[in-house]
Amino acid sequence: MSSQRNEGGIVRIKELAMHVKHKVNLLGVVLEFSIPRKSQGTDYVCVLKIVDDSQQSPELLVNIFTSSIDQLPRVLSPRDLILLKNVMIKKHQAELSAVFYKDSSSFALFDGNSGSNLLPYQSSPQRFEITEAEERRINVLRQWCVGFEFSSGSNDYLLSLKDISEHRYFDLVCKVFHVSYDDSKGLWMLFVWDGTDVPPLSIPGKLEDEEHNPLPLHIESSPLDLETLQNFFPVGTVLRVSTDRSYENFGRYFTATGKWVRIRNMSCQVSSGMWHGLLQSSSKIRLFSDNDNVVWDYMRRFRERISGRHGHMPIWTDPSSQFLTEVDWVNVASVTLMKIATQLQGNVRCCCIVRVVSIHPFQAEHYSSPNGSSEYTMKLTLEDPTARIHALLCGKEWVKFFGGSPPPDVLTKKIKMLLGMPEHEDGNDDTVRNPPWIKCYLHLKESDGGRNRVYYIRWTKLVTD
């Protein structure tokens, strides 16, 4: 071939057009990768996007096929390097790509930090020897990475959580707080956050179902433990994102827990009035370091949001909002449900801005006991952008909230207002509720050494005039 390979026989990405249908050696910075999964055949596959100092756009697509999932590369950190040997260069509609064949190609992954050792942290099972010329090239590329600002990807499909909608494919820049396996669903789940709030949703279903089939408090089958929840930021939605079933060992090969990433080509659906993210088999991950500009920008916006005394309010409300309720102490800053749910100690009272998505019992006739209102207990399901919880409204606080012991028709009207139900509907109908935002005080009480946590609505009054 007329083009000469540079150090170590490695071809620069910019020169690949002259090597179509030939096998070459490449060294690049890994910007993006797919999670290892089973291909449509018998192989396992992952897809990388790499760049080098000769070309950063377009990024080179590398398709890697192996006979075992353990043989696929697992990129650990932003800007790590991959050395690819004997990969085929292909061209399709003017777009170049590289193909790694399981029988003849090999790879090695290196820490991308300048000054790191020259031992790969992962390599393919084939005998892999690195020449001195290849070592020099690795050091050159590492040094180049130090001062280069890599692309965070196109903005064409980028959304924040506040802008999501159903059945739309999009990219999301977010921090991955946690990854766990849901045994009941047989799926892996990511818990991701970008500092904004998902849009509030309407609530479908019959209120009469609440006794035997209550609204779930979370997407995951079992609640996360308190220690895990305390690692989440208390402001901003933590979206649950389930994997496609093609990801058999997702948690084992996903290396971005605790890191900022860009998830490419994901979608969302609504389940029980909650947003639920979905990873596709074609989804990809782009790693960011905490010092990348895109991360600084997201964190700057988040700090601006929480800097004021109203920083814990849902972004869908504002301090001048007219709520359906009044509270006894009006100059207390509100906190999120996640904030109060992760309190270490009990006997805490907090002001919250929430929606009432369900009430049980909902029938006004239930609250006409001859023994008086002191026995009334109403269970409300409350939500804000960070969490759902059950809270009890009991006795004198029930009376205060509803302004005495109103007759059934008046109480029914007040309950419907709380739930955002049309007046002509009753709880036995399949209807859609659009609850308004209310301000209330929650009192957290603990028993059994903190194992039993109960929330009570107190010091709050419904205002319907």
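The questions below concern a cavity, a helix pair and backbone geometry in a predicted model.

Q: How many cavities of 30 Å³ or more are there, and what is the volume of the largest cavity?
A: Rolling a probe the size of a water molecule over the atoms shows where empty space is left. The count comes to 1 cavity of 30 Å³ or more. The largest cavity has a volume of about 40 Å³.

Q: How do the residues lining the largest cavity divide into nonpolar, polar and charged?
A: The lining consists of Phe 33, Ser 34, Pro 36, Cys 46, Leu 48, Pro 73, Arg 74, Val 75 and Tyr 253. Sorted by class, these lining residues give 7 nonpolar, 1 polar and 1 charged.

Q: Is helix H6 roughly parallel or roughly perpendicular to helix H7?
A: The axes of H6 (residues 395-402) and H7 (residues 408-419) come within 11 Å and cross at roughly 85°. Angles of 65 to 115 degrees count as roughly perpendicular. H6 is therefore roughly perpendicular to H7.

Q: Which residues of H7 make the contact with H6?
A: On the H6 side, the contact involves Trp 398, Phe 401 and Phe 402. The residues of this contact divide into 6 nonpolar, no polar and 1 charged. From H7 come Leu 411, Lys 414, Ile 415 and Leu 418.

Q: Where does Pro 361 lie?
A: The peptide bond from His 360 to Pro 361 is cis, with omega near -10°. Pro 361 lies in the loop between strand S17 (348-360) and strand S18 (377-384).

Q: Is Lys 21 buried or exposed?
A: Lys 21 has phi near 70°, a positive value in a residue other than glycine. Its place is the segment before strand S1 (23-33). Because a relative accessible area over 50% counts as exposed, Lys 21, at 71%, is exposed.

Conventions
Residues numbered from 1 in each chain as written. Predicted model: local features only at pLDDT ≥ 70, side-chain atom pairs only at ≥ 80, totals over all residues. Heavy atoms only, no water. 1 Å grid on protein atoms, 1.4 Å probe; cavity = no way out; pocket = protein on both sides within 12 Å on 5 of 7 lines; lining within 4 Å. Points joined across faces, edges and corners; volume = space filled by probe spheres on them. Nonpolar A, V, L, I, M, F, W, Y, C, P; charged D, E, K, R; others polar. Axes fitted to C-alpha atoms, helices over the stretch in contact; angles between N-to-C directions. Helix = DSSP H or I, 4+ residues; strand = E, 2+ residues; numbered from the N terminus. Parallel < 35°, antiparallel > 145°, perpendicular 65-115°, else oblique. Contact = heavy atoms within 4.5 Å. Buried < 20%, exposed > 50% of the residue type's maximum accessible area, 1.4 Å probe, protein only.
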